[in-house]
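Reader: I'm new to this one. Could you walk me through how to read it, feature by feature?

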Amino acid sequence: MVAMALATDIGLGAPLESGLRICLLSMRLAEAMDLPEGERRRVYYLALLRHIGCTVRSEDMVRLVGDELVASPRLAPLDLADPRQFLPVAVRLLREQFPGAGFPPALVRMIASAKGMKESAAAMCEVAQMLAERMGFDGVLQRDITAFPERWDGKGTPGRARGEDLSPPVRVVQLAEGVALLHRVGDEESAMAAVRARRGRMYAPDAVDAFLRRPRDILSATEVPSVWDAVIEASPSDEGPLEDDRLDNSLRAMADFADLKSKYLVGHSRGVARLGADAARTLGMPEDDVAAVYRAGLVHDLGRVGVSTSVWAKTGPLSLDEWERVRMHSYYTDRILSRPEALRRMGALASTHHERLDASGYFRSLPAHQQPATSRVLAAADTFHAMTEPRPHRPAMAPELAAGELRRDVEAGRLDSDASEAAVEAAGQRGRRTRPQGAGLTAREVEVLRLAARGASIREIARTLVIAPKTADAHLQHIYSKAGVSTRAAATLFAMQHDLLEPSPG
Ligand SMILES: [Fe+2]
């Protein structure tokens, strides 16, 4: 969960360990408010997981404010319901991000999209709740997470809760986050003044009062030699290490969190994990290595969240600067998973997925002798699987064509021959298996869902499946009700979790 908090920091353009600092502030504030044990446990996990749905908004953010990793940290410390705070920053952001586009149209579009942003906020909450559920958290914590973007005065998003509706853990973590953000952009005095001004508006009066009674004491919670160690130390005492099942479920949730960054990526990480594990098994690798490849496959692209969706979604060639940013993503994967030891090993393997045998890969440019068999299998599985998925600049490649491309990489000395052949073989075997298409949906509904998950509009779905737009819409509504969700983003996550994205040849 601490690793998840680091991933969220990177995904929000915040300094690394921001979430951990907020966790420590929250725990100290909970203590000051004398919250009972059970609520303190919720405070702890809420602080770490509070923005777990954030990647699902990336595409909307990019459309409205440009680079989401630039915009998020600038908007985060503001009271967004106060136009005097919000407008000047928005104006500056839009001028920087859309220099040629004419500023008034950009602002008009931003204001006109307020409704769309509500839908995207609702999607963020639904997705966050589903991910928390996957990680094994109960309904109470799931509700805390969905209520987190709300405000005391009801002007939060999606605007379904206010005042006493907000649980004490939500009030505590909201304030702790605000204090941390304000403290980062200003000094202690200005942070206290801003918190006072937001009492009863953004933040709950009881939480603000508790903070203002002993601000120094609460702020000092983060003045420790290692924030990471302090957070581990503060973890609720009843928890041992995760069982294998829950660990895998958590890693799958992390995979989905990363893939929601762009519609082109949905299902990528799970697909690479499966293909990599199948290829490793084809090669007769020991079960421990098969499991290591599977888990590394799930988390290999976690670092993608640290690169703007505007880069991942670009249709034209990347600039030098954008290419540098792309190369950073496997480094971020390594950093997110740098502790503890078990995750570090997973991260070390995962972050080699773009290494090449001729040392032309990234981010370490490792020579061949430093790439173990597990790395080679992971690299082959990632390359093959990515080719069979659509990307902004090209449609999905047929498996036979992808196999040809992979063999060209082998001939050029970039990919391992055995690992690549195993990946191709594993993909073929996988193709011959019929996967059950359950999840309570009909075959037609699965087709509709698959297209929607990849970003097709109702009109495009109707055209592709040769049905009336009204019928396509009715199918989509029916899928929502079966999945128990109300937004397309949540339905996409549902499809990922039920393995419905790849066509079953059977
Ligand atoms: Fe990657």
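This is a predicted model: local features need pLDDT of at least 70, side-chain atom pairs count only at pLDDT 80 or more; totals for chains, interfaces and linings use all residues.

Reader: Which residues coordinate the iron ion?

Author: D301 does it through OD, while H329, H353 and H354 each use NE2, at 2.2 to 2.3 Å. Along the chain, these donors follow the spacing D-x27-H-x23-H-H. D301 sits in the loop between helix 17 and helix 18, and H354 in the loop between helix 20 and helix 21, so the pair ties together parts 53 residues apart in sequence.

Reader: Are D301 and H354 buried or exposed?

Author: For burial, check the relative accessible area: buried means under 20%. D301 has 1%, so it is buried. H354 is buried too, with 15%.

Reader: What about the nonpolar core, and which residues touch the most other members?

Author: The general idea is that in soluble globular proteins, nonpolar side chains tend to be buried together. In this model the largest nonpolar core has 142 residues, and L20, L48, L49, L175, F211, V231 and L302 touch the most other members. Take L20: leaving out residues up to four places away in sequence, L20 touches V2, A5, L6, L48, V227, W228 and V231. Another core lies apart from that one, with nine residues, including L78, V89, L93 and M117.

Reader: How many aromatic pairs are there?

Author: Five. To read a pair, look at the ring centres and the angle between the planes: over 60 degrees counts as edge-to-face, under 30 as stacked, and the rest as tilted. Y45 and F137 have ring centres 5.0 Å apart and planes at 50°, so that pair is tilted. Y45 is in helix 3 and F137 in the loop between helix 8 and helix 9, 92 residues apart. Both Y45 and F137 are buried. For W323 and Y362, the centres are 5.9 Å apart and the planes at 80°, so this pair is edge-to-face. W323 is partly exposed at 37% relative accessible area, whereas Y362 is buried at 8%.

Reader: And which ring does the charged end of R246 sit over?

Author: The ring of F137, 5.2 Å from its centre. F137 also forms one aromatic cluster with Y44 and Y45. Elsewhere, R304 lies over the face of W312, at 4.2 Å from the ring centre.

How values were computed:
Residues are numbered from 1 along each chain as its sequence is written. Side-chain values use heavy atoms; hydrogens and water are left out. Donors are N, O and S atoms within 2.8 Å of the metal (3.2 Å for Na, K and Ca); water is not among the atoms, so sites may look incomplete. Helices (H or I, at least four residues) and strands (E, at least two) are DSSP runs, numbered from the N terminus. Buried means under 20% relative accessible area, exposed over 50%, partly exposed in between (1.4 Å probe, protein chains only). A nonpolar core is a set of buried Ala, Val, Leu, Ile, Met, Phe, Trp, Tyr and Cys residues joined through side-chain atoms within 4.5 Å. Contact means heavy atoms within 4.5 Å. Rings of Phe, Tyr and Trp (its six-membered ring) pair if their centres lie within 6.5 Å; planes under 30 degrees apart count as stacked, over 60 as edge-to-face and the rest as tilted. A charge sits over a ring if NZ of Lys or CZ of Arg is within 6 Å of the ring centre and within 35 degrees of the ring normal.
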